[in-house]
Amino acid sequence: MTIHKPAAGAVSNHAAAHANEECILVLQGGGALGAFQAGVFESLSKVYREPNWVAGISIGAINAALITGNAAEHRVARLREFWELVSSSTPLPSMPCSGTAREALNEASATQVMLYGVPGFFKPRFPPAPFQPHGSIGAISYYDTTPLKETLERLVDFDRINAGSMRLSVGAVNVRTGNFEYFDSSKQTIDARHIMASGALPPGFAPVEIDGEHYWDGGLVSNTPLQYVLDQPGSTRRTVFQVDLFAATGALPGSLQEVTGREKDIRFSSRTRLNTTNELDRQVIAQAAKRLLAKLPPALRNDPDVLALSKLRCESAVDVVHLIYRSKHYERQSKDYEFSRQSMLEHWESGRADMAHTLHDTRWLNREPLPSGVRVFDLSSEHPSARKATAVSDTNKALDTSKTAP
């Protein structure tokens, strides 16, 4: 494999050269795997720059709120505080384990979550849903997310979000209409309900009421806000860091348990390639229409068809940096609700390392600005953390989320 190493100072020079671009962080849903996104943000903010806009679905919405709802110097600390809280019920094991033992440990952690909930996130309803009054919120969900509301209100400054220094967008689904809806700080006032609505995955969590309507997890329709971001008008070049927690590609399952895990990966993966291909096609058509309109005689300028074509937007170029969490060989279908401290630290470290690897790759550093079009950079797939995703994990390695990116 060719190693693409940058010259000293190349990363900071690259960031300065692209300072006028809009930097957007897009976070997919994926429960416990969301610690990977926290690691990505740690590297992004320390090595490259802070984003102007963060968009998220489900756990991605929670991470997005923690980022946008805090001052720059506190963002990583608030993310760490949240992830240490939700992983506090299953501390690090007294001795390293791998292979079958690690798989059993993870499954035990996931079972504990199902029975007792997650600190600062959710707890089982009592009495359970079947014994709740028909038609009540308690009757249509297994868990109570009141702890999450308290956590968000403690760790997130919603006044800061609504002041507009960094844009926040989160997606949810209207239970009554089935329509996808985005709550966007550039268009409305955001509070804890909007974040909770984006992560209200049924039947585990109850829908969240906002202005007389009830909303479920946006992942029911689309598990990534990438298309929403691409659809928003913009006059400057954009760099989108798309962080996925489920991989669309994978091996043929060998057991029913693996079938369940693979099905979940496919269902919740973001189809990033499809979205960017569609956007590229749209831009090509818009630019062709613009050239055609310039050639028309004045007598046709007010023709209804011409007016319709003139509304096609010609956006500036978009670069999409794609990072995908790669499941370890011992992770099964419960990986998105397995909140042990050891797994959290591993996920965080994987995100931090993958983002740092991408930002130091010369193919990224040497990118030339384009006037239009969409490019995808998927450079973390060559990082050792990706190549070893299905190999035996070295759990003897000390994981410390306080380390800075290289």
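Trainee: Is D319 buried or exposed in this one?
Mentor: In this predicted model, D319 is buried, because its relative accessible area is 1%, and buried means under 20%.

Trainee: Which side chain does D319 meet in a salt bridge?
Mentor: The side chain of D319 meets that of R237, at 3.2 Å from N to O, and the pair links distant parts of the chain, with D319 in strand β10 and R237 in the loop between α9 and β9, 82 residues apart. R237 counts as buried too, because its relative accessibility is 16%.

Trainee: Which residues are joined with them into one network?
Mentor: Salt bridges that share partners join E21, R237, D319, R367 and R375 into one network.

Trainee: And how many salt bridges does the structure hold?
Mentor: The structure holds 24 salt bridges, one of which is formed by E81 and R154, at 2.7 Å from N to O. E81 lies in helix α4 and R154 in helix α6, so this pair ties together parts that are 73 residues apart in sequence. E81 counts as partly exposed at 30% relative accessibility, and R154 counts as partly exposed at 49%.

Trainee: Changing topic, in which sense do β5 and β6 pair?
Mentor: Strands β5 and β6 pair in the antiparallel sense over five bridges, and S169 has D184 in β6 as its bridge partner. The two strands form a hairpin with five residues between them, where G178 in the turn has a positive phi of about 80 degrees.

Trainee: Last one, which residues form the nonpolar patch on the surface?
Mentor: The patch is formed by I285, L292, L309 and L312, which together have about 330 Å² of accessible area. Among them, L292 lies in helix α11 and counts as partly exposed at 44% relative accessibility.

Notes
Residues numbered from 1 in each chain as written. Predicted model: local features only at pLDDT ≥ 70, side-chain atom pairs only at ≥ 80, totals over all residues. Heavy atoms only, no water. Patch = residues over 30% accessible without salt bridge, like charges linked within 9 Å, V, L, I, M, F, W, Y side chains within 5 Å. Areas by Shrake-Rupley, 256 points an atom, 1.4 Å probe, with all protein chains shown as cover. Salt bridge = Lys/Arg side-chain N within 4 Å of Asp/Glu carboxyl O. Helix = DSSP H or I, 4+ residues; strand = E, 2+ residues; numbered from the N terminus. Buried < 20%, exposed > 50% of the residue type's maximum accessible area, 1.4 Å probe, protein only. Pairing = 2+ DSSP bridges.
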